[in-house]
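Thanks for asking me to look this one over.

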Amino acid sequence: MPASRRTGAAADALLATPPEPAQRLPLPSKCRPSGTQESSALRSAPPLLILGTVALYALSGSRSGEQIGPDGDIGPARLPPLRGCRGTPTEFRWVLADGGAGAADGTDVPLQTVAGTTLRTKVLALDAQGRRARTSACRDLAVSVHLGGRARLSANSSLTSWADGELLLDIEDELAEQVEGELLIENSGEGFGDNMTQRLAQLRFSAGPASRFSLEVRPVGSGWARASRPVANLSGSKWPTHIMLEALLSASDRFGNPVPASDFLREDQDLRLAGSDSLDISGGSFSLVGGGGKAQARALVRGLRPGSAELWLPEAGLGVARNLTTLRLDFVNPAAGAAPVAAGEAGSARSLSPRDAEWQPAAAEVREAFLHAWRGYRRWAWGTDELHPLSRKGRDTFGNIGMTVLDSLTTLHLMGLHEEFEQGAEFVEKHLDFDSADREVSVFELNIRALGGLLGAHSLTGRRVFLQRAAELADRLLPALNSSSGLPMPRWNIARGGGTATGEPTILAEAGSLQLEFRYLTAATGDERYGRAADACYDAIQATGMVGLMPVQLTPPERSPPMPLATRFAMGALADSYYEYLLKQWIQSPAEERFKDSWLMVMEQLPALIRPKVDPEKAGHKAPKYKLVEATTGGELIYKMDHLSCFVPGMIALGLMTLPESDLVGGRNATWHQIAEGLTASCTELWTATPSGLAPEYVVLNQWPPHDVNSIPSNGKHSFLRPETVESLFYLYRLTGKNKYRKWGKKIFDAIVANGKVEAGFASVGDVGRKTTDKMDDMQSFVMAETFKYLYLLFSPDDVLDLKDYVLNTEAHPLRRPGPLL
């Protein structure tokens, strides 16, 4: 504003007093004209122009560092940079071109955009005063950019096109990924500071809007979710009926990048799944499960009957044509035709091989023996847990929930005893009362016998009543699995929902033999609480830090963290089914190789408990009669062999039938065959070598080779008619097809009938060393569940129970494998 128009005392004073030369604003050296040019310019200027210049200097800075405010007040000076006065670049920043969040200079916020669009960034060159550096000075910079993944500079980006202290860098990437970008700037011009500057930035390209949708299915459970590759939609896959499947809706953008479910499915959105009439779609709507970027759109579905079925997303859901989301599923019923027609029954169109036809009379004998025991129980002890076969009355072993009924259901079904099976089913539906079990009983036994029996019946028939009652029992057991250590309580009152902390050690087999049943329940209901609770027990065992063979006892469940106790190593009592379930959990859920790896570690250490010593060099030769011994935690051998350990050869045979060839390298195949055959021979000899033909509970072995039986202790001479040896005969026959295993089984069965059969059923025997045995007033429910079942399966064709479709729990209850049946 011209001085003549200003008003106020301050302006008048300034015009009246010319500024001193020392008060003129100094120009930067690189911007200042030469002294001669400045002087001549001033000399040649008219007086009025000189006066105006003096006034301008006075108004801009009458005192150093001050300026005049709008009201004439003098305040701190804010000097705008003069054109051409910016310095050389000394600092660089890599930021978004639009000024959004994200930078390379010390922030964790990545530079981001949507995949397939341009990520517009810029490099700012600043001088020492924090101002944009001179463009002419920036042209001396050598810039290079290195990008990770598939990110790249766009074609229109130039590493030399500086303008106003900025270098625009456009980056492209069609893949949804986060990569690192490196910016290197070399300062080669005169007067620069550091010779090289580096800037790193995280560049994130997120998926774009969903444009394609697809459906896939998988079994329910965390194990299948952790699979390294999809288990669903495999070519030729067939799915078991009555097993709950997760239907997962996934989406991708136009470049094929997965789009998180939370981006296309709102929590309040009712997106429904449609399907064929043969499908049961639980709830019908998709829901978001999981959180953040791992959220999935999930619905639950199961096949109700064999045959093909379709799933699809209705067009009204996301505006996608049905044919673009239709998924075809094939369901099979593994139980179809499972029970053969008994010998002597007419009307069978089934053709048997000569080998199987030879053994049908033996299968029929086993069936009749089982019926004899069932009828005695039904007449004298119906609704109680077990039969006293001598006094002909029932006994309360597990809270009087009818344990023998629950433990016999799967045997009844497999033997084709339809009338008797319906009697058991009616009991389950109308008379099974868990509230009557008003005392603390073994959690382990309730799980393997009662829960296993109900789930096995559901697995074989698909009837909802068995699943409903199983879920009811499991709900009552769940609190017993909720200890501070993760180890289960040993006993629980399922009527009152409580248990007493006794401080007793945790038995390894009891903590490690819950998983098959609870995981199957999750697969059948879609409720992941059950599988998670059982997994916590397994994880607690692994938290001890031990691998391979484990001591038979751990710290009490109320003590955390769990620790192994210095007891002994054994494969029999207190430990047995823990090792069995390592293998079977992997068979049930092949995606979880941690179970298989744990079992393989056990197998590597098992020879330490086998005598005579295993010699891999002799694998393929005739197998010695191997024995299983025990050892202290200090490594001292205990020459004692439990009959309970006779499940081991059957477990090895199952492993040989199911493990991939890649796991049977290094001589494992031949060595394990030899171990299984040698142990089976010794276990059979425990039966056939006694006067009664029955096996004792355990024997003492000689300490020198070949480690034959030395004696039968007085507290081990009884026989409960245990199933472990015939279990291994069944698996060894399935593995080898050798007729000798059926012959050995027939000898054992004949001895059971000759020494155990009484008018009301089958009785345990007090002394196997006597030809005329003393009977005990006891008939264990596992005789019905296991001993007779394994003998029947041993003499029956393989397709009576296809092991590709089922895995048997430690009480011999068949549970369907929930994964795809190839």
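**Notes on the predicted model**

1. The side chains of Asp 535 and Arg 519 make a polar contact at 2.9 Å. Asp 535 sits in helix H16, which covers residues 528-542. Is Asp 535 buried or exposed? Its relative accessibility is 8%, so Asp 535 counts as buried. Please keep in mind, here and below, that this is a predicted model.

2. Now for the overall picture. The protein has 23 helices and 40 strands. Of its 822 residues, 52% are buried. The protein exposes about 35,900 Å², and carbon and sulfur atoms supply 50% of that area. Among contacts with a separation of 6 or more, 69% are between residues 24 or more positions apart.

3. You will find Ser 157 in the loop between strand E7 (152-153) and strand E8 (162-163). The relative accessible area of Ser 157 is 17%, under the 20% cut-off, and therefore Ser 157 counts as buried. Which residues does Ser 157 touch, leaving aside those up to four places away in sequence? They are Leu 168, Leu 169 and Asp 170.

4. Rolling a probe the size of a water molecule over the atoms shows where empty space is left. How many cavities of 30 Å³ or more does a search of the whole structure find? The search finds 9. The second largest cavity holds about 50 Å³ of space.

5. What lines that second largest cavity? The lining consists of Lys 584, Ile 587, Leu 654, Thr 658, Tyr 731, Leu 803, Tyr 806, Val 807 and Leu 808. Two or more of these residues come from each of helix H17 (576-588), helix H19 (648-658) and strand E39 (806-808). Strand E39 gives the largest share, with 3 residues. Sorted by class, the lining of the second largest cavity has 7 nonpolar residues, 1 polar residue and 1 charged residue.

6. Some backbone angles are worth a look on your screen. Most residues other than glycine have a negative phi, and most peptide bonds are trans. His 242 is not a glycine, yet it has a positive phi of about 65 degrees. His 242 lies in the loop between strand E13 (239-240) and strand E14 (245-252). Because its relative accessible area is 15%, His 242 counts as buried.

7. Leu 574 is not a glycine either, and its phi is positive, at about 80 degrees. The loop between E27 and H17 holds Leu 574. Is Leu 574 buried or partly exposed? With a relative accessible area of 28%, Leu 574 is partly exposed.

8. Two peptide bonds are also worth checking. Ser 560 and Pro 561 are joined by a cis peptide bond, with omega about 0 degrees. Pro 561 is in the loop between strand E26 (553-554) and strand E27 (568-569). The bond from Pro 705 to Pro 706 is cis too, with omega near 5 degrees. Where is Pro 706? Pro 706 is in the loop between strand E33 (698-701) and strand E34 (709-711).

9. Finally, here are two residue pairs to compare in sequence and in space. Glu 426 has 40% relative accessibility, so it counts as partly exposed. The other pair is Ala 608 and Gly 635, which are 27 residues apart in sequence and 9.3 Å apart from C-alpha to C-alpha. Ala 608 is placed in the loop between helix H18 (593-605) and strand E28 (610-611). At 48% relative accessibility, Ala 608 also counts as partly exposed.

Definitions and conventions
Residues are numbered from 1 along each chain as its sequence is written. This is a predicted model: local features need pLDDT of at least 70, side-chain atom pairs count only at pLDDT 80 or more; totals for chains, interfaces and linings use all residues. Side-chain values use heavy atoms; hydrogens and water are left out. On a 1 Å grid over the protein atoms alone, a cavity is a set of points where a 1.4 Å probe fits but cannot get out, and a pocket is an open set with protein on both sides within 12 Å along at least five of seven lines; lining residues have an atom within 4 Å of a point. Grid points are joined across faces, edges and corners, and a volume is the space filled by probe spheres set on the points. Helices (H or I, at least four residues) and strands (E, at least two) are DSSP runs, numbered from the N terminus. Ala, Val, Leu, Ile, Met, Phe, Trp, Tyr, Cys and Pro count as nonpolar, Asp, Glu, Lys and Arg as charged, and the others, Gly among them, as polar. Buried means under 20% relative accessible area, exposed over 50%, partly exposed in between (1.4 Å probe, protein chains only). Contact means heavy atoms within 4.5 Å. Accessible areas come from the Shrake-Rupley method with a 1.4 Å probe; for residues, only the protein chains shown count as cover. A polar contact is a pair of N or O atoms within 3.5 Å; within protein, one must be able to donate a hydrogen and the other to accept it, and residues adjacent in sequence count only if both atoms are side-chain atoms.
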